Amino acid sequence: MFDEEGSTGRGDAGPAKPGSQSALRMRNQLRLTDQLLRGGPATQAELSRLTGLSTATVSNIVKGMHQAGLVTLTATTSSGRRAHSVRYIGDSSIAAGIDFGRSHLRVVLANRSHQVMAERQIPLPLGHDATVGIAAAAKLLDELLTEKAIARSTLVGAGAGIPGPIDRRTGKVIQGAILPEWVGINLHERLKSALDLPVFIENDANLGALAQITWGAYAAVPNLVFVKIGTGIGAGLIVNGALYSGSIGVTGEIGHLTINESGLICRCGNRGCLETIASTATMIQLLSRDKAHPVDAEDIVQHAKSGDSTTLRVLEDAGTAVGRALANISNLMSPDVVVIGGPLATLGELLLSPIRRGLLRHAVPIVGENTTLATSALGSRSEALGAVSLVFQHEPSQQNI
């Protein structure tokens, strides 16, 4: 288990960076909160044992949560000693999570107790520009607040993700995004102005990774890779319990690892990138030949589950290529778990089996054998839920907890 004492991030003043000590402290608070919600009131010693956090870490977090009005403390005895029973009472803070996709927009409203208050996904036209996407997000957010009678004053901020790299230094979308019409815009400033809220932005794969350790089943996993296989392919990296963002925020560009030096030209300008072999766009192109109407990702899932040999062969080639790329990452960081997300994740072992074969073939044996592969249980909500967690990690009132 990892707690504040195990952090290697920088304890910068101000809003927490995803890989900072403040972000790790917030993750530990979420772990403690989850335990209180699942198991009910408990003493600090019991919370330390149940969460794996040190007694000093639990004491500091409980003290901050008590000061913030999130928990109550009741005198009790434990093993004959005086103690305090900690009960979580929550607060009214709500965060918005926004997921901008190539052809969709999803908005989620959720509280710190991991209760989703409202959510909706709507289609967006292919090739939409930032003005259209941001206006749609603002409109959908207002609609959800009205429908659920949620006071806007309870919103502490909005997190947002897009399928592409963002320069953390400037807040601008940079070359390589699946939404080329968005390249060059300052997404942070544009979204902040449209929503009139504090805004925090990330690459969608990073948000998917964050969701796995805050909403998913991997809260206790220190090293995790989340791979989103969609129109593009990206990865989010959790290292020592925190999101790894590198020096400028551009990490996990697994889709642009070279798999075949004689392969097709990629949109990034290189040749034979993983995306040219294993993205859903490539699969759709291959499987739509000789079809009256092009297939989509849902068709791929249905055809694979029904045993269509052509679809299964395409998945075999794509999965093996993904596994080879993951072997390179695994040899570098030796993750505990690799979680596969995106529209094909519901295929389960039909997708994981070829990925596993590629991983085991190209990874150092002991690394490949000790890396767990799984599909995301959060489905298409991963990125939006991760965006909610991003807000609560950055919320100013939480920085001293």
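These questions and answers concern a predicted model.

Reader: Why is Leu207 called buried?
Author: Its relative accessible area is 0%. Buried means under 20%. Therefore Leu207 counts as buried. Leu207 sits in helix H6, residues 204-214.

Reader: Which residues does Leu207 contact, leaving aside neighbours within four places in sequence?
Author: Ala160, Gly161, Glu202, Ser382, Glu383, Gly386, Ala387 and Leu390. Contact means heavy atoms within 4.5 Å.

Reader: What separates the C-alpha atoms of Leu207 and Phe226?
Author: A distance of 9.2 Å. Along the chain, the two residues are 19 residues apart.

Reader: What makes a set of residues a nonpolar core?
Author: Its members are buried nonpolar residues, joined through side-chain atoms within 4.5 Å. The largest such core here has 36 residues. Val227, Leu274, Leu326, Ile340 and Leu344 have the most contacts inside it.

Reader: Which element gives the largest share of this core?
Author: H10, with 9 residues. Elements that give two or more residues include strand E11 (224-229) and strand E14 (337-341).

Reader: Which residues does Ile340 touch beyond four places in sequence?
Author: Among them are Val227, Ile229, Leu326, Leu351 and Ile355. Another core, of 35 residues, lies apart; Ile94, Ile98, Ala137 and Ile185 are among its members.

Reader: Why are strands E1 and E3 said to pair?
Author: Pairing takes at least two bridges. E1 (residues 42-43) and E3 (residues 81-88) have 2 bridges, so they pair, in the antiparallel sense. Thr43 stands opposite Ser85 in E3.

Reader: How many bridges join E2 to E3?
Author: 8, and the strands run antiparallel. Val71 stands opposite Tyr88 in E3. E2 and E3 form a hairpin with 2 residues between them. In the turn, Ser79 has a positive phi of about 55°.

Methods:
Residues numbered from 1 in each chain as written. Predicted model: local features only at pLDDT ≥ 70, side-chain atom pairs only at ≥ 80, totals over all residues. Heavy atoms only, no water. Helix = DSSP H or I, 4+ residues; strand = E, 2+ residues; numbered from the N terminus. Buried < 20%, exposed > 50% of the residue type's maximum accessible area, 1.4 Å probe, protein only.
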